[in-house]
Structure formats: structure tokens, C-alpha cells
Amino acid sequence: MSAAPGLVGVRPRFNRRGALTALLAGAFLASLAMVAGDELTHSGGGAAAWDLLGSLLRPDLSRAFLATVAEASLLTLGYAVAGMSVALVIGVPGAFLVSGVLTRRRVVRAGSVAAGRSVFATLRAIHELVWALLLLSILGLTPLAGVLAIGIPYGATVARVLGERLQDVPPAPPAALETAGASPWQILCYARLPLAGADMAGYVFYRFECAVRAAAVLSFIGLGGIGYRIEIALADLRFEQVWTLLAALVTVIVIVDRVSAMVRARMVV
């Protein structure tokens, strides 16, 4: 059989994209087999999924349950607000520390930046759920444990990201103020914060969205809120209540996102 015209002498080229796809797929399957073993699914999973999806068309919208959902949503929102308040108390001064914008001495700045980044990297390396379990063993099942479980790691993350925002402003305005004899605090107030303020506010609102989701997850350990109600509904196989609770959580997240967009738009203008 003769070769097709135009293909004589053409050797198949090594397809890097295909090889990378195969490598990633192999890594995914290997990791899945490692964590799941022979119990990736169970025989009742299909029926449960069918019941769960079927209840999506008939969520529980009774007045009594909606009152419960509203109470759980407010409690979750309260945990998120309190946790973010703690995070800002930690993160805003921490941002000044890790950015080194408040000192001109190189040795002092290098030392404070290195120390701050090490401390905050350690704090944010521990997930908020692990923080919650640690604090529960110390403080007991109290609201303070949930608030600190959100506030400590989120404060460390806020410190790092806001510090980077302060460092990444265009260099010309701070340099001009420094040449004119402005102090580091004056440069911070009149150059860095106005230039980075919108991005910083946007990130804080994003972390607040994360705090709402974290508060919902933390409530699974018994602190109350949407997650706790979802756990009860799942245990009772009341899937129609699960969808109502999830809709409430999504609504809260969407409201926070819209408020964030409005605030950032006003700051940019």
C-alpha cells in the first residue's frame, strides 16, 4: 500500500499537550485510588442522589422553617462579622509590618518583614477547622472559639495580602513625597492607601465572603448556624430543607458580593 500524497516523509510529532493531559489524568486516578481504595462509592449513593435532586423541586418554604433559616443565617453572618473583625484587628497592623512601609532603615525593615511573614505564615498554615478543634479543647463549645477560629488564620492571610498591595503601588507618587520630605506615615496616608485602597477593600470583602462560608462549615461542629441546620436536615433525610438552607447561604454570599462591588466602584471613582 502506498502512502497518501503529501504525507510521505512526515513523522508524527510528540504531542506535549496530550502527554501532559495523560500525566494529569494518571495522577488524578492514582490519587483517587489512594484516598478511596475500594470504597469510592456505595450501593445506596444513587438512590440518595436521586432523592436529593428530586427535593430540589420542592424546597421547604413553610413559614416556621423560613423563620429557622433566617435565624440560622443571621447567626452564621454574626460569626462571619465577628471573625472578620478579629481578622482586621490582626491583619491591618500586620500589613504595615510585613510590607515594611513605615520605616526607612533597611535593617529594621528587613527584620520586621522577615519576622512578620514567618509568624503570619505559621498562623495561616493551619486551617480554620483545625483552629476550631484546637480552640474547642481550650475554650469549650463557646462562640468565642468559632470567632477566633475564623479570625486568627484570616487575620494572617489579610496581613500578607494587604501588605503586598501596599508594596505594589506605582513607585512614582511615594518617591515624590519622600523627596519632598514626607514621613513614612504621610507617604502611607497620601500615596499608598489612596492608590491601593480599592484593591484592599475588594480583598477584605472577598475574605468576608470566605468567612461566611467558613462560619457555615464551622457550625457543623455544633456552634449553630446554617451548617448545623444542614447537618440536622441531612441526618433526618429532609433534603427539601437542605436546599432551602443552601439557597439562604448563596443569597448571603451574593449580597456580600454586590455590596463589595458597590464599595469598590465608589472608591475607584
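1. Axes are lines fitted to C-alpha atoms, for helices over the stretch in contact, and angles run from 0 to 180 degrees between N-to-C directions. Helices are DSSP runs (H or I, at least four residues), numbered from the N terminus. The structure is a predicted model, in which local features need pLDDT of at least 70 and side-chain atom pairs count only at pLDDT 80 or more, while totals for chains, interfaces and linings use all residues. Residues are numbered from 1 along each chain as its sequence is written, and side-chain values use heavy atoms, with hydrogens and water left out.

2. On the pair α7 and α8: helix α7 (residues 172-179) packs against helix α8 (residues 184-218) at an angle of about 165°, and their axes are 9 Å apart. The two are therefore roughly antiparallel, a term for angles over 145 degrees. Their crossing is right-handed, that is, the near helix is turned clockwise from the far one by less than a right angle. From α7, the residues Pro173, Pro174, Leu177 and Glu178 meet Gln186, Ile187, Tyr190, Ala191, Arg192 and Leu195 of α8; contact here means heavy atoms within 4.5 Å. By class, seven nonpolar, one polar and two charged residues form this contact of α7 with α8. In this scheme Ala, Val, Leu, Ile, Met, Phe, Trp, Tyr, Cys and Pro count as nonpolar, Asp, Glu, Lys and Arg as charged, and the others, Gly among them, as polar.

3. On the pair α4 and α6: the axes of helix α4 (residues 106-125) and α6 come within 7 Å and cross at roughly 135°. The crossing of α4 with α6 is left-handed, with the near helix turned anticlockwise from the far one by less than a right angle. Helix α4 contributes Arg117, Phe120, Leu123 and Arg124, and α6 contributes Ile152, Pro153, Ala156, Thr157, Ala159, Arg160 and Gln167. This contact of α4 with α6 has six nonpolar, two polar and three charged residues.

4. Is threonine 157 buried or exposed? Threonine 157, in helix α6 (residues 143-167), is buried, with a relative accessible area of 16%; buried means under 20%, exposed over 50% and partly exposed in between (1.4 Å probe, protein chains only). Not counting residues up to four places away in sequence, threonine 157 touches Arg124, Tyr203 and Arg207.

5. On tryptophan 243: this residue lies in helix α10 (residues 239-268) and is partly exposed at 23% relative accessibility. Leaving out residues up to four places away in sequence, tryptophan 243 touches Leu52, Ser55, Leu56 and Pro59.

6. The C-alpha atoms of alanine 48 and phenylalanine 239 are separated by 9.6 Å, although the residues are 191 apart along the chain.

7. On leucine 237: the residue lies in the loop between α9 (226-235) and α10. Its phi is near 55°, a positive value in a residue other than glycine. Leucine 237 is exposed, with a relative accessible area of 60%.

8. On cysteines: a search of the whole structure finds zero disulfides, a disulfide being a pair of cysteine sulfur atoms within 2.5 Å. Cysteine 189 is partly exposed at 40% relative accessible area, whereas cysteine 210 counts as buried at 10%.

Note on methods
Parallel < 35°, antiparallel > 145°, perpendicular 65-115°, else oblique.
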